[in-house]
Structure formats: structure tokens, C-alpha cells
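Here is a friendly walk through one chain and the partner it touches. Have the viewer open as you read, and follow along from the overall fold to the interface.

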Amino acid sequence: MFFKNYQLTFMTTTFLGTLMAVSSNSWILCWIGLEINLMSFIPLILSDLNFKSTETAIKYFLTQAVASVILITAASFTALQMKNYYLESMNFFLFLALSIKAGLAPFHIWFPQVTEFISWFKCFIIFTWQKIAPFMLIINFNISVFTYFIIIMSATAGAVGGLNQMSSKILLTYSSISHSAWMLMLASLSLKFWTFYFLIYFFVLSPIIFAMNFLNFKKIKEINSSKINLKTKLMLSTLIMSLGGLPPFLGFLSKLIALTVAVKTFPMVIMITLVASSLVSLYFYTKMFFNSLTASLPEKKISSSEKKINKFIIFSLAGNLILSNLVLLI
Amino acid sequence: MASLISMRFGLLYFLSAETMFVEWEMFSFSSTSIIMILIFDWMSLSFTGLVMFISSMVLFYSIMYMEGDKFLTRFIFLVYFFVLSMVFMILSPNMISILLGWDGLGLVSYCLVIYYQNVKSANAGMITVLSNRVGDVAILLCISWLLNFGSWNFFYSQFVYSYEVVSFMVILVILAAMTKSAQMPFSAWLPAAMAAPTPVSALVHSSTLVTAGVYLLIRFNYTLGINNFLLFIGMLTMFMSGLGANFEMDLKKIIALSTLSQLGLMMTSLGLGFYEYAFFHLLTHAMFKSLLFLCAGVFIHSMGDTQDIRAMGGLMISCPVTSLYFIISSMALCGFPFLSGFFSSDMIIEFFFQGKMNLIMGCLMVLSTLFTLTYSVRLLYFSFFNNMGNRYFLSLAESINMLIPMTFLIFMSVLAGGWLSVYLFPMNFIFLPLWLKLLVVTMIFSFFFIYFFLVDFKVMKKISSTSGLAYFLGSMWLLPFISTFALTPIIKYGVKILNLVDQGWVEFLGGQGFIDKSKFISSKADVLNSVSMKFFMFSFFMGVLVLFLA
């Protein structure tokens with residue numbers, strides 16, 4: 001199963017914190033919501049009972065606490081300056097704080113170190129849920145030079161960082177960083193586009209995490225060995241390719257729509273960087289499963305856990321393969 | 001079947017002179033749209049009808065001919081794909097879909113030539129596909145050149161404002177057609193491609209693949225106009241292959257060279273601007289040439305798979321019906337009066353003689369027609385009137401399954417010429433002096449008998465087997481040698497380029513170099529992961545503090 005029963009207490013407050021931060025009128029309430037989120041995520045990290053979970057929790061706490069400090073300071077400064085209208089002078093720092101919270105480069109150092117030692121489900125929460133609050137708050141800001149800087153850095157860091165890695169969690173971390181770059185570009189435009197991209201990312205990522213959880217794949221070597229049947233291998237490989245943004249799959253649709261929407265507003269360099277980083281990151285996506293499909297190893301029968309995964313993955317596969325083509329046919 | 005429907009509509013469309021375009025808009029993207037068009041006019045429909053007719057006959061035939069073959073399914077699939085590509089190419093009005101069909105034709109003909117997997121077939125397939133590839137490159141360049149003119153259709157290129165601009169495209173199209181139809185510099189592959197199974201030769205190398213080039217030129221006829229270059233090349237090919245077939249000893253190679261000769265005739269008529277006559281000759285030639293190949297297949301089958309004509313003799317006794325068909329189609333090929341070959345090739349020759357030309361052209365044309373006759377008669381002599389040269393005393397009779405498709409074809413090849421000529425060209429006015437008009441017919445009848453006397457002379461025997469002249473003329477003026485061995489220095493240079501460029505600095509800049517540099521950068525970036533967090537935090541906090549105060 002995904003999570004233990006006792007983790008439910010703090011999961012509710014995590015979700016509550018995000019919802020509070022998103023639906024708030026002032027920055028102080030945002031800060032409160034984000035702090036609730038942070039504080040209730042720490043016990044979730046600690047409940048893993050790893051030999052490194054304390055260290056992970058401390059790293060996570062420190063980074064996010066620094067971000068919260070910057071946030072509350074900048075929020076106070078805006079409140080101080082506000083007489084009749086809202087001055088945007090502190091937007092830079094608010095944006096900075098939120099990007100540290102989301103794990104965008106160049107503030108992404110904590111991200112792989114944290115995700116390496118927590119369980120798959122917490123990974124999933126960090127990749128998806130913890131990004132909702134920062135991005136939804138970033139929607140309020142205008143596009144600035146700093147936005148361009150972060151997009152380019154995140155794209156590069158996400159692509160290049162994953163090239164030398166062995167552990168599949170860290171690969172997904174760097175993929176999350178590079179997807180965050182795309183999400184940042186869309187969030188600077190409007191809510192609708194970011195929601196679209198985020199939902200597709202969520203939809204594509206969840207069966208992968210589910211499968212990795214069940215099959216207990218920690219390193220790339222394990223995926224590439226033939227412990228799983230050919231059908232499962234094919235399904236997993238199509239899902240990973242969809243995450244990487246390869247054309248007929250769903251992941252490509254999100255990137256395509258992002259490009260067609262953002263090409264009117266963003267300078268061309270950023271588009272090119274994003275697309276190039278997508279291309280380079282395809283390398284480590286392919287590394288995950290390529291050997292399993294091309295090496296000739298003896299086939300094994302389907303085990304019972306695979307049957308459970310397969311049932312789940314098939315639905316997401318249907319979405320991945322068919323949905324994007326249906327949209328394009330219009 | 002489909003062929004009959006196609007033919008009927010084709011001829012109907014000719015009468016009403018209408019063309020039907022079927023368009024399918026694949027997708028439109030801002031202001032451009034990608035549309036897939038098929039053209040149905042009388043030429044494409046009748047040609048489709050012909051292709052389907054011949055391919056259905058060949059498929060019936062090949063079930064019997066290739067029985068006992070382990071991979072018959074593969075063979076049938078390949079033939080099917082071939083027909084699909086051919087029909088697609090015929091029905092396309094623009095260069096992109098022509099290229100699709102063209103490439104499909106080249107690829108599938110390669111697969112069919114190497115069907116029997118031995119060294120000779122491999123070499124033959126290689127030279128086939130490489131020669132065709134030159135034409136593919138020409139069409140690709142043509143596509144990119146046509147981007148200037150706004151459309152890839154071939155109708156619009158005739159309206160281009162000045163000829164110099166479109167002349168490059170014309171050169172490319174002629175090059176493509178020359179390589180596909182095995183005209184003079186590129187004719188090495190057609191006799192070599194006889195390493196394919198005989199049904200393949202009947203379908204591919206007699207009627208459809210090699211006529212694809214001629215069909216392309218017919219489609220471009222408004223842009224080409226009257227072309228000197230085509231005239232010369234066609235005449236040269238006709239002459240050379242006719243001469244070469246007289247010295248050749250392999251049955252299928254003789255028939256291949258006769259195909260080449262008739263292709264040269266088609267090119268000549270195109271060069272003169274008579275595209276309708278070229279098309280008509282294409283249709284009728286396909287009928288009797290495929291029939292010739294099928295008969296040759298029966299002969300080869302009955303002699304135990306040898307193709308040498310010195311091993312044949314007395315085949316009239318063992319395969320009577322087939323030899324009847326063989327004689328009839330040979331006569332149709334030569335232009336025997338009122339068989340189908342007469343209506344098509346004779347018409348071209350008479351129209352040729354109506355115009356002004358120099359002595360050499362006239363002589364070459366007469367001589368080439370003569371050669372058609374001589375190699376056909378030579379073939380007849382060696383297969384029927386020779387002493388029994390059979391190495392093994394084996395002769396399998398023809399089977400009824402192989403005869404039925406041949407019967408259909410003989411029916412069409414005898415009658416189709418007359419029917420189509422009355423239908424397509426009801427009024428022909430020919431104005432020739434008497435000796436020119438009678439030249440061809442008297443040649444046919446006289447040389448038919450003269451040849452039987454000639455072939456027994458000792459001098460002829462000595463020339464035709466061992467001398468250097470015979471070697472030169474018989475191997476198509478040393479073309480296969482030039483196309484393969486003489487090009488070796490160029491290929492060696494290509495190997496050098498491969499080592500220097502493709503596996504040299506291009507790798508360094510593109511594939512391997514990029515991944516090395518990326519891995520290097522990534523490993524350096526990973527260092528930060530092992531640095532202690534404390535240092536990072538502190539420096540970051542200090543930085544932000546400075547920013548706040550500034």
C-alpha cells in the first residue's frame with residue numbers, strides 16, 4: 001500500500017496548509033499556510049525509519065525555513081509600503097522565496113539529497129503536491145529577468161544533472177526540476193495553462209511512481225534487468241517516454257501546448273533552451289529502460305504483484321497514448 | 001476485377017477529357033495546410049488498370065512457379081507492396097507522393113531481386129538499388145527546387161515564367177527517369193536484376209518498375225516539350241541494347257535487353273513530343289513483354305532452372321502451348337502487322353520518319369528495329385530449331401496453372417493493340433514516301449528468313465562467341481564494368497571521408513563529444529550534492545541579506 005495509517009494525520013494537515021496558502025488574500029496568510037505545509041511534512045519524512053531520515057528532515061526543514069524567512073520578510077516590507085495601492089518592489093524576493101520552496105535551480109541542491117532517502121510516496125508528494133502552493137502564488141507576479149534566469153537554469157540543471165545518476169529516484173528528481181522550468185514558464189502566463197501542464201504531469205508521473213513502488217526499483221540496473229515481463233517492460237517504457245515528452249504520447253502534448261501558448265510572450269532563447277533540455281533529458285529517460293528492451297535475457301512469468309500493477313497502468317496507458325492523438329485530430 | 005473497372009473508367013475519362021482530383025486535408029496549421037491529393041485521369045486510370053491486370057496474372061502464375069518455396073508468403077507480400085507503391089505513384093500528382101511511391105518501388109524491387117539469397121543476387125540487388133538511389137536523390141533535389149514555384153504538382157511547372165529557372169528541375173526529372181528506366185549511362189542494373197525470380201521479372205522489370213521513369217516523363221511532358229537530350233539518349237539506349245541482345249547467351253538477359261530497347265523507343269518518342277504514343281506503347285509493350293517473361297519462366301522451369309539458351313532446343317515438343325505464346329509475343333514485339341506491337345511501335349517509327357532528321361538518326365532507328373527482329377529470331381532459333389542442347393534429359397511439361405494467366409495475356413496482347421489504338425487515336429494522318437513506309441515491314445519479313453541462313457555460317461559463329469568485338473558489344477559496351485569497377489576510386493575516397501568526417505569531427509561535435517561533455521559537466525555539478533549543506537545555506541543567506549539591503 002502507499003502509505004501507512006499513521007501517516008494520515010499529518011497528510012491531512014499538509015494538504016490543508018497548501019489549500020490555505022492558495023486561497024488567501026494576504027501574504028501573511030500565505031506564509032502561515034506554507035509553514036503548516038512544511039511543519040506537517042517533516043513528520044512524514046521522519047516516519048520512514050531510515051538511517052538517514054533525520055538528516056533528510058533537517059535538510060528539508062532548513063531550506064524551506066530559509067525560504068519562509070525570506071517570504072515573511074518580503075511580505076512585511078510590502079505591507080509596510082502599502083498605503084493605497086500595492087507596490088511591486090518586493091516581488092523579486094517573494095518570487096525568490098517561492099522558487100526555493102519549489103526546488104527550482106539554482107536553489108535545487110537540497111532536492112536530490114532529500115528525495116534520495118524517502119519513500120516513493122513521499123517523493124510523489126514532493127514532486128506534485130508541494131509544488132502547487134509555490135506555483136499558484138507565482139501566477140500573481142509579472143514576468144521579469146529573474147524569471148528568465150530561473151527558467152534557463154532549471155532547464156539546464158534538470159537536463160544535465162540527471163546524466164550521471166544511477167538511482168531512479170534522483171533521475172525523477174531532475175526530471176521534476178526540468179518540468180518545473182516548463183511549469184514556471186506557464187505559470188508566468190496564466191492559471192489555466194499551468195493547471196493543464198500540472199495535471200498532465202501528475203497524470204503521467206503517478207503510474208510510474210506506483211510501478212516503481214511496487215516493483216521496488218531503486219537503481220537503474222534493476223529496471224534494466226529482466227525481473228519483469230515483456231508486457232510490463234513495454235508499458236513502463238511508454239510511460240517513461242511520455243514523461244520525457246516524446247511525440248505521440250501525452251507528455252508531448254503538454255510541452256507542445258506550452259510552446260504554442262508561450263511563444264508570443266517569451267523570447268526565443270528560452271524556448272530553445274527548454275526544448276534542448278527536454279532533448280538531453282530524454283537520454284536518461286531512455287537509460288532507464290533501454291537495456292531491458294534490447295538485451296536478450298530469458299523471459300520470466302508474470303508475478304502477482306505485476307498483475308496488480310498492470311491493471312493500474314493500463315488505464316494510464318490508454319490516456320497516454322490515445323488522448324493526445326484525439327486532441328490533435330480536432 | 002479492379003483492373004477492369006479501372007480500365008473502363010480510364011477510357012471513359014479519355015473521351016470526356018476530364019480529370020478527377022481527390023483531396024484529403026491532413027491537417028492545417030495556421031496558414032498552411034498539408035493535403036493529400038490523388039489524381040484520376042485517363043492516363044493514371046488506364047495505367048492502373050494495366051498494372052493490376054498484369055500483377056494479378058503474375059500472382060496466379062507465381063503460385064505455381066514458386067511452389068515448394070519456403071517463404072512464399074513473404075514473396076506474395078513483397079509483390080503486393082510493389083503493386084501498392086506503383087499504384088500510389090501512378091495516382092499522385094505531386095512530387096512528394098511520387099517520391100513515396102518511387103522509393104517504395106526501389107526498396108521493394110531490391111528485396112525482390114535479392115530474394116534468392118546468393119552472392120550473385122546480392123550484387124545484382126546492390127547495383128539495382130544504388131542506381132535507383134541516384135534517381136531518388138534527383139527527385140529529392142527536385143522537391144526542394146520546386147519549393148520556389150509554390151506547388152509540387154507537375155501541372156504548374158509548365159506555367160513558370162522563364163525556362164532557365166525550371167530547366168534545373170527538368171534536368172533532375174530527366175536524371176531520375178533515366179536511372180529508373182535504365183537509360184544509357186545507368187543501364188547496368190537491368191540485365192543484372194534478372195537474378196530475381198521470373199514472376200518478379202515479368203512484373204517488375206518488364207512493365208512496371210522501368211516504365212515508372214517513362215511515366216514520370218510523360219507526366220512532365222508539358223514542361224519538357226521537345227527535348228533533344230531525351231531523343232539522343234533514347235536512341236542510344238535502343239541501339240546499344242538491341243546490339244547487345246544479339247550477343248547475349250542468357251535467356252532472361254536477352255529479354256531484359258529487349259525491354260531496354262523498347263524503353264529507348266519510348267524515350268525517343270517522348271523526346272519528339274509524342275507523349276500519347278509513348279504512353280500507348282507503354283501499355284501494349286507491358287502486355288507482351290510480361291508474357292514473354294512468363295513463357296521464359298516456363299522454359300526455365302522445364303529445363304531444370306538453367307537460363308542458358310545454348311542448353312535449350314526442341315522446346316516446341318515439350319511445351320507446345322507455351323512456345324506458341326512465345327512466338328506470338330515475339331512477333332508482337334518486332335512489330336508484326338496487326339498484332340499489338342505493330343499499332344504502337346510502328347506508329348512511333350512512322351511519325352519519327354515523318355520529321356526532319358539527319359542520316360545517323362534514321363539509320364539508328366532502322367538498325368534498332370532490325371536488331372529487335374534479329375534477337376527475337378535468334379531466340380526462336382536457339383529454343384526451337386537448335387539441336388537439342390539439353391544437358392540433362394529432363395523436361396517438365398507446362399502446367400495448366402501457368403497457362404491460364406498466359407492465356408489471358410496473349411488475348412490482351414493480340415487484341416489490345418487494335419482496340420486501344422482505335423479508341424485512343426481514331427484519326428492518324430501519315431504522309432510518307434513508299435519506300436519508307438514499306439521499309440519496316442519488308443525488313444521484318446525478309447530478315448526473318450535471312451537470319452536462319454546467316455546463323456549457320458562459321459564466320460558468324462566465330463564472331464559471336466569469342467572475339468573482343470563480341471565482348472564489347474555483348475556486355476553493353478562495358479557498362480557494368482564501368483558502373484562498378486571503374487567507380488572504385490570514388491568509393492575509396494568515400495571511405496576516407498567517412499573516417500575523417502563522419503566518424504571524426506562530426507562525432508566530436510555532435511554525438512559522442514556532446515555526451516562526453518555533458519557527462520563531464522554533470523559530474524562536476526554533482527559535486528555540490530556532497531558538499532555540506534551548512535556552507536551552502538550560509539552563503540545563500542548572506543547573499544540574500546546583501547540583496548535585501550541593496
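## Overall build of chain B

In chain B, 80% of the contacts between residues at least 6 apart in sequence join residues at least 24 apart. Bear in mind as you look around that this is a predicted model.

Chain B has 24 helices and two strands. Along the principal axes, its C-alpha atoms fill a box of roughly 115 × 55 × 45 Å.

## Burial and surface

How much of chain B counts as buried? Of its 550 residues, 53% do.

## Where chain B meets chain A

Turning to the interface, 26 residues of chain A are in contact with 19 residues of chain B. Together the two chains bury about 1900 Å² between them, with 77% of it on carbon and sulfur atoms. For polar interactions, the rule finds two residue pairs in polar contact across this interface, both at pLDDT 80 or more, and zero salt bridges.

Which elements give two or more residues to the side of chain B that touches chain A? They are helix H23 (512-530) and helix H24 (533-549) of chain B. H23(B) gives the most, with eleven residues. By residue type, the side of chain B that touches chain A divides into twelve nonpolar, five polar and two charged residues.

Methods
Residues are numbered from 1 along each chain as its sequence is written. Chains are lettered from A and ligands numbered from 1 in the order in which they are written. This is a predicted model: local features need pLDDT of at least 70, side-chain atom pairs count only at pLDDT 80 or more; totals for chains, interfaces and linings use all residues. Side-chain values use heavy atoms; hydrogens and water are left out. Contact means heavy atoms within 4.5 Å. Buried area is the accessible area (1.4 Å probe) that two parts lose on being put together, summed over both. A salt bridge is a side-chain nitrogen of Lys or Arg within 4 Å of a carboxyl oxygen of Asp or Glu. A polar contact is a pair of N or O atoms within 3.5 Å; within protein, one must be able to donate a hydrogen and the other to accept it, and residues adjacent in sequence count only if both atoms are side-chain atoms. Helices (H or I, at least four residues) and strands (E, at least two) are DSSP runs, numbered from the N terminus. Ala, Val, Leu, Ile, Met, Phe, Trp, Tyr, Cys and Pro count as nonpolar, Asp, Glu, Lys and Arg as charged, and the others, Gly among them, as polar. Buried means under 20% relative accessible area, exposed over 50%, partly exposed in between (1.4 Å probe, protein chains only).
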